[in-house]
Amino acid sequence: MLLTVDVGNSQTVLATFDGARRIDCWRVTTQPRATADELHMLWRGLLRDTVVTGVAACSTVPAQLPALRQLLDRLAVPVTLIGPGVRTGVPLHVDNPREVGADRVVTALAAHELYGRRPDGTGRPVVVVDFGTSTTVDAVGPDGQFLGGALAPGVEVSLDALAARAAQLRSVELTVPTQAIGKNTVAALQSGMVLGFAGLVDGLVARIAAELVGQFGAAPVVVATGGLHRLLVDSCRSIGEREPDLTVHGLRLAFERHQSSGGSGGGGTSSGRP
């Protein structure tokens, strides 16, 4: 069983795969200062008796990378930690490839493989909208190339910042409002946060899609992913597909590519259970 681990700024997603089939998936709060032993206990608690035959991981949290590497080095199974120098097969058509987060790279890989290939084998562009700590709108070309994208604050980050800076406003439960015109402070905040961010996404997608049509002559598939996608996706008019955990699918694909190209795994003395 392959274990995939996507360490995000707010949440960590762990998933197990039997071949291409996802078996289990968990979301836990990211603890940036967790030690390797604490991560080990968390993984074992989730996996229980699952026998792990390989691990693929990525992290956007620099503070957790040393502990993550320490844990991965203990494992006696093939390990792929996505980062600079690890080949994923995704061409990075950006000014500085090292600036692109590992999660965006493997998400682009999954988007192309799952949504960018037509039945006749030809490719088409994909736009990925990732609703998380940040709101990320990325463009993937018809050959699977990462073209760049747009970054904006996430809806929760924006709400927390607004509550902290505006004396008469406060954090509220984020739910989809019944109408855009809020009749009280709570409803007005929900409208601004949920419908406002949906409008932001639709506007960015429209501009990026127009550029992709101009470059490749084909309209993109638009896919939503990320921990907050369920809150926002139904209010967005531009999104046609949804896969909440696109990144872990990309980790699986990156692991398979890395291992088939002769990538070496982690060493250690532990058994197949993390």
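How much space lies in the largest pocket? In this predicted model, the largest pocket holds about 630 Å³ of space.

## Largest pocket

The lining of the largest pocket is made up of 33 residues, and those closest to its centre are Gly8, Asp103, Asp130, Gly132 and Thr133. Two or more lining residues come from each of strand E2 (11–18), helix H3, strand E6 (126–131), strand E7 (134–140) and helix H7 (246–260). Sorted by class, the lining of the largest pocket has 15 polar, ten nonpolar and eight charged residues.

## Asp103

Asp103 is listed by UniProt, in an unreviewed entry, under "active site". Asp103 belongs to helix H3, which covers residues 102–115. Leaving aside residues up to four places away in sequence, Asp103 touches Asp6, Cys58, Thr60 and Thr247.

## Second largest pocket

The second largest pocket has a volume of about 550 Å³. Its lining has 24 residues, with Ile82, Gly83, Pro84, Val100 and Ala102 nearest the centre. Helix H2 (65–74) and helix H3 each give at least two residues to this lining. By class, the lining of the second largest pocket divides into 13 nonpolar, seven polar and four charged residues.

## Arg48

Most residues other than glycine have a negative phi. Arg48 has a positive phi, near 55 degrees. Arg48 sits in the loop between helix H1 (36–47) and strand E4 (54–59). The relative accessible area of Arg48 is 62%, so this residue is exposed.

Technical notes: Residues are numbered from 1 along each chain as its sequence is written. This is a predicted model: local features need pLDDT of at least 70, side-chain atom pairs count only at pLDDT 80 or more; totals for chains, interfaces and linings use all residues. Side-chain values use heavy atoms; hydrogens and water are left out. UniProt positions are given in the numbering used here, feature names are shortened, and annotations may be inferred rather than shown by experiment. Helices (H or I, at least four residues) and strands (E, at least two) are DSSP runs, numbered from the N terminus. Contact means heavy atoms within 4.5 Å. Buried means under 20% relative accessible area, exposed over 50%, partly exposed in between (1.4 Å probe, protein chains only). On a 1 Å grid over the protein atoms alone, a cavity is a set of points where a 1.4 Å probe fits but cannot get out, and a pocket is an open set with protein on both sides within 12 Å along at least five of seven lines; lining residues have an atom within 4 Å of a point. Grid points are joined across faces, edges and corners, and a volume is the space filled by probe spheres set on the points. Ala, Val, Leu, Ile, Met, Phe, Trp, Tyr, Cys and Pro count as nonpolar, Asp, Glu, Lys and Arg as charged, and the others, Gly among them, as polar.
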